[in-house]
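Me: I have a chain open on my screen and would like to go through it with you. Could we begin with how a helix's length is judged?

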Amino acid sequence: MNYLSAESIAKTFNDRWLFKDVTLGIAQGEKFAFVGNNGVGKSTLLKILTGEIQPDGGKVSLRQGIRLGYLTQQPSVDENLTVKDVLFSDSNEIARVVKEYEDCIHHPDTTPERMQAVLERMEELKAWDYEAKVHEVIEKLGVPDFDKKFGALSGGQKKRIFLAQLLLQEPDLIIMDEPTNHLDLSAIEWLENYLSGANITLIMVTHDRYFLDNVATEIIELDRGQLYRYKGNYAYYLEKKDQREEILKAEVSKAKNLLKKELDWMRRQPKARGTKAKYRIEAFYDLQEKASQDLRKEKLELDIKEARQGGKILEVEHITKKYGALPIVNDFSYVFKKNDRIGVVGKNGVGKSTFLDMLTGKIKPDSGEINPGVTTKYGYFTQEAISLNPNNRLIEEVKSIAEFITLSDGSQVSASKFLDSFLFPPDKQYNYINKLSGGEKKRLQLLKLLITNPNFLILDEPTNDFDIDTLNVLEDFLDKFSGCLLLVSHDRYFMDHLVNQLFVFEGDGNIRLFNGNYSDYRDWVEEQEAMEASPKASKPAVKEEVPVVVTTEKRKATFKEKQEYEKLQAEIEGLEKKKEELSTLINSGSTDHKQLQEWGQQMQQIAGDIDAKTMRWLELSEIVN
């Protein structure tokens, strides 16, 4: 039973077909993910499915009684409303009473009579389950104070509120455009688990490859105006896509060869053209259409010359930063080494961007020192495209930095040619920047950063607004980049493939240095949580107490106990030495992920052995001494 059906829908844009003859149906429990390059029409297709815009052909049908929820990239609402007004729909009676209940518990001056009336109404409507869901959603998504004005919030906070609003409406069919943008990693993981539920029916556009793998049951690629469906995860899609494109290349090549013969046939005896077989004439035009397909794909090209990097790169010594009573960084030190690959993770609002601003000198720490090397040249990619002049044309923006750009092999190209390699062809280079899309502005921002030839890249959420193919190119470039990389990203796939260390912002200004990528860190966190949740498993079983006769005399140590005591002293010293050696190796700057992981496991094992042997040594020392 289809919840939503689209039959032969078509849409044009600027006198070209975005897509045509697209047919699609989604049934209960199915989860579709649309993928494709920027500009192919993914967001437009979602808007047609939701009824926000009308197709130029075909029709969309929503089954009667099915409630649809839609999360857009740029939702709008009255800026004077409070957060609670946006979250709770007045058309939902349960939502209304939960809203009033939340209002009561957040305001200490609520009268007992009002509270009693609300509690009775909650009981009557059996609204406690819904209220529990409200608390889970707002906590996991980091929704700010209910009484805040919506207009005073940041873009990321607004997006999280709209997402919370959508989930609390509990629609039968959810349609989402880039749901993971502006969420921190813990919120993305929670949303991933929520949407994976059997009762959730979902259509989404996302560039988050782990999210695709873990949520989608079917991946639908929009390419050259056609839909291609793949029942499986992202890895399966990549495999089948490569196979499809190879088959298409072979078919087009075969069609071109056959077209030459058919063209000769069409040209023969022009006066008798009317007597030619009609079916063969129609087949000729079909063949001509297939043979004329342009299989070339625009691909971002990243190539720059890196500035030389000296021995000293960046030294951070005991920096501290607070905003009022809120600690951002508390006594943090680190010496950056050549080819460092470090990810920065933590919840939204914990101070990651402030930390990056301190490293680049945009703001000063309250105490401590930040000393860059004389050859260190930052390339700082921020979440906001503030470095772009909206009144400039693209070519003017690039030429203001350099007329010619030096590539990694030492050759130079013009500003226009470099723009072309960044998917800005000559006909677009004289467009004004304020006319660009979000993805195009991000691409131009990246271009401006790279032509300064940095050797220390600091990237704050670089993956927003980029399609998957562009992310793959950027990932490949950063993998080969020989300078230092400091990366903040909510894209776990992107981070896992690029970093081998983490700065983990744990709150209250504490920053943990973790050796490994994000998935390694999540595994470690789960292990710690499991140990805390089952203390019986991590501690030796307590034997049943039996009465003992207490004497004032201490027993003497046996010969074997004395030997064990002396042996333990030597063993502990040896283990401490091994621990120091491993610590030196881990901090040596190695980029071998497997080796770092092995050293980390050895360090953990040695630390456990030292603790166990030290406890036994203390027990024996009481007897021996």
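Reply: The expected span of a helix is 1.5 Å times one less than its number of residues. Please note that this is a predicted model.

Me: What does helix H14 reach from its first C-alpha to its last, and what is expected?

Reply: Helix H14, residues 438-450, has 13 residues and reaches 19 Å, close to the 18 Å expected.

Me: Is H14 largely enclosed by the rest of the structure or left open, and why?

Reply: H14 is largely enclosed, because eleven of its 13 residues are buried. Among them are Gly439, Glu440, Lys442 and Arg443, together with Leu444 and Gln445.

Me: On to aromatics. How many aromatic pairs are there in the whole structure?

Reply: A search of the whole structure finds 20 aromatic pairs. In one of them, Phe332 and Phe503 have ring centres 5.2 Å apart and planes at 75 degrees, so the pair is edge-to-face. This pair links distant parts of the chain, with Phe332 in strand E11 (residues 326-336) and Phe503 in strand E19 (residues 501-507), 171 residues apart. Both Phe332 and Phe503 are buried.

Me: And how are the rings of Phe355 and Phe505 arranged?

Reply: Phe355 and Phe505 have ring centres 5.4 Å apart and planes at 70 degrees, so this pair is edge-to-face. It links distant parts of the chain as well: Phe355 is in helix H11 (residues 352-359) and Phe505 in strand E19, 150 residues apart.

Me: Buried or exposed, those two?

Reply: Phe355 is buried, with a relative accessible area of 0%. Phe505 counts as buried at 6% relative accessibility, because buried means under 20%.

Me: Which residues do ring pairs link into a cluster?

Reply: The cluster consists of Phe332, Tyr334, Phe336, Phe355, Tyr378, Phe456, Phe503 and Phe505.

Me: E11 came up there. How does strand E10 join E11?

Reply: Strand E10 (residues 314-323) and E11 run antiparallel and are joined by seven bridges. Within this pairing, Lys321 stands opposite Val329 in E11. The two strands form a hairpin with two residues between them, and Gly324 in the turn has a positive phi of about 65 degrees.

Me: In what sense does E10 pair with strand E13?

Reply: E10 pairs with strand E13 (residues 367-372) in the antiparallel sense over five bridges. Glu317 stands opposite Glu369 in E13.

Me: Let us change topic to the open sheet. What is the order of its six strands?

Reply: The order is E5-E6-E7-E3-E8-E9, with mixed pairing. Strand E5 (68-71) and strand E9 (226-230) stand at the edges, each with a single partner strand, so one side of each is left without a neighbour in the sheet. Neighbouring strands of this sheet are turned by 15 degrees against each other on average, direction ignored.

Me: How many bridges join E5 to strand E6, and do the strands run parallel or antiparallel?

Reply: Four bridges join E5 to strand E6 (residues 173-177), and the two run parallel. Leu71 has Met176 in E6 as its bridge partner.

Me: Where does Glu170 lie, and what is its phi?

Reply: Glu170 lies in the loop between helix H6 (155-169) and E6. Its phi is positive, about 50 degrees, although Glu170 is not a glycine. Glu170 is partly exposed, with a relative accessible area of 39%.

Me: Finally, the chain overall: how many helices and strands are there?

Reply: The protein chain comes to 20 helices and 20 strands. Of its 625 residues, 44% count as buried. Among contacts with a separation of 6 or more, 67% are between residues 24 or more positions apart.

Definitions and conventions
Residues are numbered from 1 along each chain as its sequence is written. This is a predicted model: local features need pLDDT of at least 70, side-chain atom pairs count only at pLDDT 80 or more; totals for chains, interfaces and linings use all residues. Side-chain values use heavy atoms; hydrogens and water are left out. Buried means under 20% relative accessible area, exposed over 50%, partly exposed in between (1.4 Å probe, protein chains only). Rings of Phe, Tyr and Trp (its six-membered ring) pair if their centres lie within 6.5 Å; planes under 30 degrees apart count as stacked, over 60 as edge-to-face and the rest as tilted. Two strands pair if DSSP finds at least two bridges between them. Axes are lines fitted to C-alpha atoms, for helices over the stretch in contact, and angles run from 0 to 180 degrees between N-to-C directions. Contact means heavy atoms within 4.5 Å.
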